[in-house]
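Dear colleague,

I am handing over the structure we spoke about, and below it you will find my notes on what turned up in it. Please keep the view open while you read.

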Amino acid sequence: MANIWEKLHRRYLRWTTPIWGEIPAQGYWSSAGEYYQNYRGVLPDLEYQIYYPAHELIYPLPRTIHPEVHPCFQQRTRIPIPETYWLTVPGGTILRAHHSMGSVIAHDGRVIHDISRQFIFPAEKNEALYLRFPKVQSTNSCIAVTTDGGGAGGCNYWHWLTDIVPRVYLLQQQKIHSKINYFLIDKPPKQLEVALDILGIDRQKIVYPRFNYSLRSPLVVVPGYIRERPKWILDCLRKLFLPHGETCLTGYKKLYISRSKARRRRIVNEYEVLDYLVSRGYTPCWLEDLSFSEQIGLFRGAKYVIGLHGAGLTNIAWCEPGGRVLEIFPDVPWRDCYWVWANQVGWDYYYWYPQIEQATAGYDADIWIDMAAFRQVVEHFES
């Protein structure tokens, strides 16, 4: 019954907010640092603390059977990593709608642009400057905003582990942690609910964001949004979760991640792919059927991993250095996250995209794999 009322309430807000809502921001701060410098020494409880300074990561080009490495990787061999920080916003207002998951309005009515998911857009196009939100509600509690900004149903396995967990963990290491009454967190995938317990967060302190709201707090704590993947994230995840892996699943050296149970980005002729890979000693795995601890244990002993682009490749985080991963794209490469991830783990990264002549498959398309070409790719990958 509660879920029904929640859905009805969301629909009501979607219908009425564009008419009766309020535009919450009257300007913007381009960055948290700019906001802090302007009010430093003026606002009590205003803090800006740096975890890690800005630095640069350098990675070797990936390996591939294609004649040339795709520009997606060539343009990213040197990756600038912004500083990692947390900020307190006295009298801040937290927003949630569309792209505005966890956006924060300062006490002066300006949205702090770079700590919102909209940092990829120009600051003057921030939703808080033109979109109507529900009337502001107030609380007396200190709230930490550690959302990723995914869809209304929460974010996926990769984003929840690499965007949310590190931000929560780093706040726990700071004195400000004792002031926090609630954590605003995206609802995790079901397999990752146990991660909340491993993190040691009291479930009574967790608030999952609702669609369309404005909430004012006497003190909002915001870890800076992690725009790249610095290596400390991997180190953090391994420290937290490796001890919780199922040791009975560590004997599989070659793994193939199947997406046949997914709703998109599947291999149409996977039965042929499976026949071939199983003959080469690969174990197929359907990760949606495994618990978080089982996934950790399964990948902990792996040396070769093959899979279509997807969140399942996050699990190479649990592997020991010295392995290899082959990522298959249904179209030309468009994401380099698992290339970076593999380098940080100490693995060799290979990629392949079947649509060589005409790359028209699209980001989420199902694909048919030419088995003669695939055999060549796997042989090249293992050689």
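Which kind of contact do the side chains of Arg76 and Glu228 form? They meet in a salt bridge, with N and O 2.8 Å apart, and please bear in mind throughout that this is a predicted model. Arg76 sits in the loop between helix H3 (71–74) and strand E5 (78–81), while Glu228 sits in the loop between strand E13 (213–223) and H6, so the pair ties together parts that are 152 residues apart in sequence. Arg76 has a relative accessible area of 21% and is partly exposed, whereas Glu228, at 18%, counts as buried; the two fall in separate classes because buried means under 20%. The pair also belongs to a network of salt bridges that links Arg76, Glu228 and Asp336.

Arg266 forms a salt bridge with Asp366, where the closest N and O atoms are 2.8 Å apart. Arg266 belongs to the loop between strand E14 (254–257) and helix H7 (270–279), and Asp366 to the loop between strand E18 (348–352) and helix H10 (371–382), so this bridge ties together parts that are 100 residues apart in sequence.

Next, the packing of two helices. H4 and helix H6 (residues 231–241) pack at an angle of about 75°, with their axes 10 Å apart, which means that H4 is roughly perpendicular to H6. Among the residues that meet are Leu161, Val165 and Tyr169 in H4, and Trp232, Leu237 and Phe241 in H6. The residues of this contact divide into 11 nonpolar, 1 polar and 1 charged.

Finally, the nonpolar cores. The largest has 74 residues, and those with the most contacts inside it are Phe241, Val305 and Trp318. Helix H4 (residues 157–172) gives the largest share of this core, 10 residues. If you select Val305 and leave out residues up to four places away in sequence, you will find that it touches Leu255, Phe299, Trp347 and Phe381, among others. A second, separate core has 22 residues, including Ala32, Leu87, Ala106 and Val222.

With best wishes

Terms used:
Residues numbered from 1 in each chain as written. Predicted model: local features only at pLDDT ≥ 70, side-chain atom pairs only at ≥ 80, totals over all residues. Heavy atoms only, no water. Core = buried A, V, L, I, M, F, W, Y, C linked by side-chain atoms within 4.5 Å. Buried < 20%, exposed > 50% of the residue type's maximum accessible area, 1.4 Å probe, protein only. Helix = DSSP H or I, 4+ residues; strand = E, 2+ residues; numbered from the N terminus. Contact = heavy atoms within 4.5 Å. Axes fitted to C-alpha atoms, helices over the stretch in contact; angles between N-to-C directions. Parallel < 35°, antiparallel > 145°, perpendicular 65-115°, else oblique. Nonpolar A, V, L, I, M, F, W, Y, C, P; charged D, E, K, R; others polar. Salt bridge = Lys/Arg side-chain N within 4 Å of Asp/Glu carboxyl O.
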